[in-house]
Every structure is written in C-alpha cells, then in structure tokens.
Amino acid sequence: MIKKALFYLFLIVLAAVLFLNTNFETIAVGIAILLFGMIMLEEGFKGFAKGPLQIILKKATDKLYKSIAAGAVVTALIQSSSLVSAVTISFISAGLVTLQGGMGIIFGANIGTTATAWIIAGFGLKINIAAMAMPMLVFGIIFSLQKKPYLKGIGNILAGLGFFFLGIQYMKEGFDVFKEYIDLTNYALPGFLGVIVYAGIGIIVTSILQSSSASLALILTALAAGQIQYENALALAIGANIGTTITAILGSLSSNVAGKRLAGAHLFFNLFTGVIALAIIFPLANFVNFLSDIAGVSRDNFTLKLAMFHTTFNILGVLIMIPLTKRTEKFLIKFFKEEKEKGIEQPKYLNESILQFPSTVVSALTKESKYLFENAIFEIIAHALNIHRGDIKSNMDPRDILKKTKEDFKTDVRNLYYSKVKTIYGEILRYATTAQSTLKIGKDLNNRITEIKIANRKMVEIIKGVLELGLNVSQYRTSENIHMVEEYDKFREKIIRVLRVVYLLRTQVDKQIYDTKLFKLKNKANDEKYQTTKSINMLIRDNLITPKMASSLVNDKDNLNEIIKNLIEVAELLYGEKDSLLENTGQKDEPISFVEKE
C-alpha cells in the first residue's frame, strides 16, 4: 500500500512539474528514453542469459575473488546490474550458487556498474551521440523483428544502446535549456549538511527510477550543464549507490530464504559502503583529485572525476567487505531463517524467481525432487515396513536387520503423504507445467522436465503401493503362521537391498557400480512381476496358508515388484549418470487417490 501510494504521489508531482514548467519536459523525456533503452538492453541480454552469462556466473563462484571479478566484468559488459542481480538471485534460489559466491557477484556488480559513469563522462557528454544512436535504432529495430531468438536479442541490445544514447542527448539539451531559466546551483548546500541532504535525494531518485545507471546519467548531465555543484554530485552518487538496492530487494520478494539472504547482503554492502563513503567524502574527494592529477585529468573536469570517485568508493567498499564476508554470511543465515510451517512441508527450492531462466527451473525441480525423495519418500517406505533408515544406510546384513527389528512402527502412511509429500508434489507439477507452457525452452530441457514429472508421479505411486503392503506387513508380523512371517520378511529384505543400492547411488562417487546393480534389480523385478514364486506355490499346494493369506501374498508380491521397479526408475532419473526418459511417458499427471484396503 505504501509503495503504491508513493508511486501515485510521484506521478501527481511529475504531472504538476511538467504542467508548471515546460522546460523540464526535455529532461523528463530524456530520462524516459534512457530508461526504456535500459529495459531493452536488459531484455536483449536476457536472450543470452541462459547461455554464456549463466555459464560464466556459475563457474566463477567457487572462489570469492573469481565471483567478484565475474560480477564486475559481466556487469560492465552488459550494463545492467539489475539483470546480474536477478540471475544471481535465481541461481541461489535454485541452489546453483552458494550464498558466499552470490555475495561475491553482487560485490563485483557494484564495481562493474560504475562503467556507465565512465562511458557517459568520457564519451557520451563529449560528442553528439544522437548521431550514433540513429543507426543503432534502425538496425536494432530490424533485428528485433526477426523470429530467431539470438537475432531478436541482438536487435534489442542495439536498440537499447540507441535509446540509451538518445536519452543522454535529450537530457544534455534539456539541462542546457533549463539553466537559462532556473539555476539549481542556488540550492547547493555546502558541508556535511549538503552531503546528507543530497545523498538522501540520490536514494529517493534511484528508488523511483530503480536504476543507479539512470540516476548517474541524470547526475552527470546536470553536472556537465553546471546545474549542480561537484560536492553535491558526489553525495548524489553515493545516494544512488544505496538506492539501487531496491531492485535486489524487490527481486527477492518472490524468492526463497536464500534469495532474501542475498538481497540482504546487497543491502548491507551498499549501506555499509555508502556510510563509509559519506563519512570520508572529503578526504576521498581529495584522493580522487590526487588520482586525477596522476592520470592527467584536469581539475575542472568534474564529470570524469565523479566517475573516478564512483569507482573508487565502490572498490574501497569491496576491499573492506572481503574480510567480513564470512561473518556477514553467518549473520544473514542466522537472521533469515528457514521457514517452517506446522504439519505441511513447504518447497525448499521452488519460488517465482527461478521461472526467469530455463536452466534454473530444471535445476530447482531436480533438487526439489531429490529433497522430496530423501526427506519424505525414503522415510515413508522404511517406516511403513517397520525398518529403521539408519539400518538401511549401514553395512548390516538385511537379514540381521530383520532379526533386530520386530516392533510395529504404526506408521500412518496416509497422514505422512498429506503432511510431507502432497504440497511439494503439487508445487513441483505446477512449476514444471508452468515452465513448459510459458518459457522458451529447448527440446532437451523440455524432456528433462518431463522426466522430473514422471519421477515424482512414480514416487507417489510408490507411496500408494507401500500403504497397501505396509498394512499386511504389520498384520502378519506376529502371525502364528510362521510361513506368512517368513514370506513378508523376504519382501522387506528385497526392499532393504534396493533402498541401500539407491542410497549408495546418490551418496557414492563411483555411480557406475550401483547403476549396474539397479539395472539388474529392475530386470529381475520386471521378470517376476507376473510370476508366482516357488515358495508361495508350495504353501498354497500344501495348504500351509489359507486362501485369504494366499491372495494377500500373491497381490503383495506383484505390488512389491511394482514398488521396486518404480524405486529404481526414480533413482535412474534423479541420480543416474545419464538421464533417460522412462517408459510410458504418455501417462497423464493425475493425482493418486488413497483407498482403504479391504
């Protein structure tokens, strides 16, 4: 509500200013054109975000210095710290990037975004860049109308640059005309009072524009036109740096706790850097004068000195933050805690921010599916059959496990399904379907998402089978008929062996051994699916079990083979070395209904 109210207030104030002072129109138009150019630039680079940009950012996060360098270089090249922030938040939400790696990218992005000031100060304000903007716009629009994504991306980048330069030209002309009527330097404030006031103005303007680059373009053109004093411009630049965190904060609202932690790191870094820069603004300005003299920049070239100041205090902030990164990470993890709700488990990796990029959707869906299997399905299977998970993970012989475990766990499979599985399963299907229907994804990624949906459906089918099998396991565990106890122990032993191989497959480095074992177990389950074992045939023939018992054994044997087959298929899809589509991919994603066994 507050955000909406401020937005409408801004529109009213803007309309009043434009109505009362038409000289401001050219500046406003310049800002609008520049912002539109930046939007097109971002859209253009998004077309390449699922390729080189994502590869660079993902591979550069194992070391802090590499992630800082990657964030700086990528942001300087694509001129969009907001896009880098969005990609990073999406990556960290999907579990592709660690919090420390994401922090490094954000730190570097703050350095990289200073390239905008250098381009404007050293190039954009020196020549008539509108002449360059026109060809860019012409070719940009032509390319953007093409069907091929990479051509459309190139077109948006060219058009974006064209509008960006055209906006700067309009802003230059607007301030040149504006100063003939109003001299804003009359409102200059010297000393620390001016520093605080103008830093606040910089925060407000950047929060409204949601672009520090646009704010710096405005500051530089006003400074070049002599409409603001150099000292106040420095404070505006610091304020713009703080205000740009609004983009990361807004981007994190739809992300999970990991994304919120990264936005918190962004806010903390910019606030921390901004406060330090404000505290030492005058000594820092003198240091910039010293650097300017060394670089041969004239003392009255305030635009280049502002660009140098902007870069200097951001580099200084990164240098100060590097030793504090681990402490900051620990604080953010402690402050932004994992959300837990009673009774219903919530998705860990799925959130709206992952839908921005196809690869993050696939990664998040895969991780969420593994999380569901490891933290819910594995437990439900084991406990429904009265087996401890720790025993399955151990080296204990399965027959010894059965001798050790005699108690009935009294597991309510149905309740566990509704409390631990249903919500996450539904969200996985929703995100998978949304990605396939709304995102432009290639055939391979589309197939992978289909595999993930199948794997999750198989997990729910496993629960249905375990519900039925578990009822008879509990019923016959204390049966006076020793033959029934032995047969159901054989069923449990098979489950233990399969679960152990699956566990080793997902935890051991050499997966090939366990891939082979699962393949053999799967073939064996398929061969036995419609065959009654010799022991059951003998029990029936010799009247050692009742017809009702025989019916239960035969049905549960088939059910067991189906559970094993589904378990192995889920393991192949989620943990196997090679992803392959399962059989029966044409099945519909229908919810599993639980029916009481008679």
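Select Glu427 and Arg430. Their side chains form a salt bridge, with the closest N and O atoms 2.9 Å apart. Keep in mind that this is a predicted model. Both residues lie in helix H20, three residues apart, about one turn of the helix. Glu427 is partly exposed at 22% relative accessibility. Arg430 is partly exposed too, at 37%.

Move to helix H25 and pick Lys565 and Glu569. They are four residues apart there, about one helical turn. Their side chains meet in a salt bridge of 3.2 Å, N to O. Are these two buried or exposed? Glu569 has 1% relative accessibility and Lys565 has 9%; both values are under 20%, so both residues count as buried.

Salt bridges that share partners join Glu352, Glu427 and Arg430 into one network.

Next, select Lys557 and Asp558. This salt bridge has its closest N and O atoms 3.1 Å apart. Lys557 is buried at 3% relative accessibility, while Asp558 is partly exposed at 25%. In total, the structure holds 17 salt bridges.

The largest nonpolar core has 78 residues. Which residues have the most contacts inside it? Select Leu365 and Val421. Helices that each supply at least two residues of this core include H17 (358-384), H20 (413-438) and H25 (547-575). Colour H17 apart: this helix gives the most, with 14 residues.

Now the rings. The count comes to 14 aromatic pairs. Start with Tyr417 and Tyr418, an edge-to-face pair with 5.1 Å between centres and 75 degrees between planes. Tyr417 is buried at 3% relative accessible area; Tyr418 is partly exposed at 37%. Then show Tyr488 and Phe491. Their centres are 5.3 Å apart and their planes stand at 80 degrees, so this pair is edge-to-face. Both lie in helix H22 (residues 482-507), three residues apart.

Select Tyr230 with Lys305: the charged end of Lys305 sits over the ring, 5.0 Å from its centre. Then take Phe378 with Arg506, whose charged end sits over the Phe378 ring at 5.8 Å from the centre.

Finish on the surface. Val138, Phe139 and Ile142 form a nonpolar patch there, with about 290 Å² of accessible area together. Val138 is found in helix H7 (residues 130-144).

Note on methods
Residues are numbered from 1 along each chain as its sequence is written. This is a predicted model: local features need pLDDT of at least 70, side-chain atom pairs count only at pLDDT 80 or more; totals for chains, interfaces and linings use all residues. Side-chain values use heavy atoms; hydrogens and water are left out. Rings of Phe, Tyr and Trp (its six-membered ring) pair if their centres lie within 6.5 Å; planes under 30 degrees apart count as stacked, over 60 as edge-to-face and the rest as tilted. Buried means under 20% relative accessible area, exposed over 50%, partly exposed in between (1.4 Å probe, protein chains only). A charge sits over a ring if NZ of Lys or CZ of Arg is within 6 Å of the ring centre and within 35 degrees of the ring normal. Patches are made of residues with over 30% relative accessible area and no salt bridge: like charges are joined within 9 Å, nonpolar side chains (Val, Leu, Ile, Met, Phe, Trp, Tyr) within 5 Å. Accessible areas come from the Shrake-Rupley method with a 1.4 Å probe; for residues, only the protein chains shown count as cover. A salt bridge is a side-chain nitrogen of Lys or Arg within 4 Å of a carboxyl oxygen of Asp or Glu. A nonpolar core is a set of buried Ala, Val, Leu, Ile, Met, Phe, Trp, Tyr and Cys residues joined through side-chain atoms within 4.5 Å.
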